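Open your viewer, switch to a cartoon view and get ready to click through a few stops. At each one you will hear what to select and what to look for there.

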Amino acid sequence: MNFDDTPQEAEFRAKARAWIDANAPKQYEEELRKASLGRVQLKGANILEVAKAWQKKKADAGWAVPHWPKDYGGRGATPIERVIWQQEEGVYGKLGALFIIGQGMCGPTMMAFASEDQKRYYLPPLASGENIWCQLFSEPAGGSDVAGLRTRAEKDGDDWIINGQKIWTSGAHYSDYGILITRTDPTVPKHKGLTMFFLDMRSKGVEIKPIKQANGNSDFNEVYFTDVRIPDSQRLGAVGDGWNVSLTTLMNERMSIGANVATGFPELFEYCNSLMLDGGPAIEDRAVRSKLANWAVRASGLKYTSFRAISALSKGERPGPENSIGKLVAGSMIQDVAMYALDLQGAGGVLSGPEDAEAAGKFQAMLLRSPATRVEGGTDEILRNIIAERVLGLPGDIRVDKDVPFNQIPTRGRA
């Protein structure tokens with residue numbers, strides 16, 4: 001792997017750095033630098049308004065989604081130039097978390113399956129942050145089995161009538177649009193009877209109920225559909241081909257999320273440099289140093305695994321399923337890091353004064369948010385299967401329901 005910029009890449013990096021230096025909202029830099037998983041907050045400012053303003057400024061200059069075509073709100077940059085932009089944007093990239101689902105997953109799906117008129121109409125405001133998108137995949141009865149979904153879409157003239165429920169939908173409560181996968185034919189095997197649509201989240205019959213999380217936030221939602229009418233023109237892909245359409249979304253999800261999951265290690269290392277234990281500074285304690293060394297090795301492994309994807313992009317290749325490794329390792333690591341930080345605090349973590357509250361609360365928020373990291377974007381079990389089958393070449397799981405019509409698969413209460 002060669003991590004040095006080519007002359008063209010170095011020129012692009014310099015241009016990106018100069019624009020960011022001249023335009024970034026530097027008044028929020030320190031707060032964004034301290035922000036960690038579950039705690040991206042700005043004092044005296046609305047995070048949604050600040051994020052949209054930064055995204056719009058980037059869009060006006062062609063930096064919003066640099067790798068997208070110019071007609072859709074990008075600048076036609078190469079994949080490696082996209083990575084360079086993300087590196088240079090640094091802490092300000094945290095403001096883009098609200099748009100990652102739309103720009104990283106919904107946008108590429110629309111580019112692949114929407115009509116040209118639809119792409120030119122919907123994608124530019126998605127790129128600029130004026131419209132936020134969500135993806136409506138997971139269901140209460142499906143768990144990690146996306147193809148086990150039960151939300152129905154029935155044809156009615158030139159429209160489709162949608163009834164059902166989705167759950168764990170990130171950002172649905174502030175989203176303008178969403179992509180929705182439904183079951184249109186229950187008489188065929190579960191992967192073959194699915195159809196994908198996109199819809200306005202304010203459509204009649206759509207009800208959104210935020211889910212209260214353990215950390216006090218409500219990032220996820222239940223979404224109910226009651227006789228929601230969607231025109232056939234908003235169908236993505238052929239009827240019954242929704243699984244193939246969804247693979248485009250899921251592939252981009254792995255790329256968007258897998259290589260960018262936080263680990264909590266930088267925060268823990270910084271904390272241990274300032275924390276005083278009974279025997280002296282935490283960073284000088286042998287047990288603490290051993291733990292930090294172990295996590296440092298993991299963080300380094302994640303960094304260079306991510307560099308594999310960067311190197312592939314630089315060569316014009318498509319990154320492989322190794323992106324699943326990043327999310328699998330980082331998801332469990334951040335949970336372990338947060339638990340260890342709270343162990344170091346001990347009873348003092350409850351009694352901390354105002355000067356310690358921000359640092360101590362950071363790890364509490366990490367711990368309360370971390371279980372969701374191990375579920376969203378693919379559970380640990382799903383990721384292990386992907387790595388086993390597609391990276392290591394091991395035999396796939398036995399799937400006894402693969403060729404069984406969906407309406408004949410036994411479920412609880414139905415033989």
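Helices (H or I, at least four residues) and strands (E, at least two) are DSSP runs, numbered from the N terminus. By that count, the chain has 13 helices and 10 strands. What you see is a predicted model, where local features need pLDDT of at least 70 and side-chain atom pairs count only at pLDDT 80 or more, while totals for chains, interfaces and linings use all residues. Residues are numbered from 1 along each chain as its sequence is written, and side-chain values use heavy atoms, with hydrogens and water left out.

**The whole chain**

Start by showing everything. Of the 415 residues in the chain, 48% are buried; buried means under 20% relative accessible area, exposed over 50%, and partly exposed in between (1.4 Å probe, protein chains only). Among the contacts (heavy atoms within 4.5 Å) with a separation of 6 or more, 74% are between residues 24 or more positions apart.

**The nonpolar core**

Next, select Trp68, Met110, Trp133, Ile179 and Leu236. They have the most contacts inside the largest nonpolar core, which has 29 residues. Such a core is a set of buried Ala, Val, Leu, Ile, Met, Phe, Trp, Tyr and Cys residues joined through side-chain atoms within 4.5 Å. Colour helix 5 (100–113), helix 6 (116–127), strand 4 (177–183), strand 5 (194–200) and helix 7 (242–258): each supplies at least two residues of the core. Helix 5 gives the largest share, five residues.

Now zoom in on strand 4. Seven of its seven residues are buried, so the strand is largely enclosed by the rest of the structure. Tyr177, Ile179, Ile181 and Arg183 sit on one side of strand 4, with Gly178, Leu180 and Thr182 on the other.

Strands pair if DSSP finds at least two bridges between them. Strand 1 (residues 133–136) runs parallel to strand 4 and is joined to it by four bridges. Here Trp133 has Tyr177 as its bridge partner, and Gln135 stands opposite Ile179.

Leaving aside neighbours within four places in sequence, its contacts include Cys106, Trp133, Phe198, Leu236 and Thr249.

**A loop stop: Thr169**

Move to the loop between strand 3 (159–166) and strand 4, where you will find Thr169. Is Thr169 buried or exposed? At 1% relative accessibility, Thr169 counts as buried. Beyond its neighbours within four places in sequence, Thr169 is in contact with Cys134, Gln135, Leu136, Asp219, Phe220, Asn221 and Val223.

**Aromatic rings**

Show the side chains of Phe, Tyr and Trp. Rings (for Trp, the six-membered one) pair if their centres lie within 6.5 Å; planes under 30 degrees apart count as stacked, over 60 as edge-to-face and the rest as tilted. The structure holds 17 aromatic pairs. One of them is the tilted pair of Trp54 and Tyr92, at 6.0 Å centre to centre and 55° between the planes. Trp54 is in helix 3 (residues 47–60) and Tyr92 in the loop between helix 4 (79–89) and helix 5, 38 residues apart. Trp54 is buried, with a relative accessible area of 3%, and so is Tyr92, at 6%.

For another pair, select Trp168 and Phe220: their ring centres are 6.3 Å apart and their planes at 85°, so the pair is edge-to-face.

**Last stop: Asp397**

Finish in the segment after helix 13 (380–391), where Asp397 lies. Asp397 counts as partly exposed at 43% relative accessibility. Not counting residues up to four places away in sequence, Asp397 touches Asn385 and Glu389.
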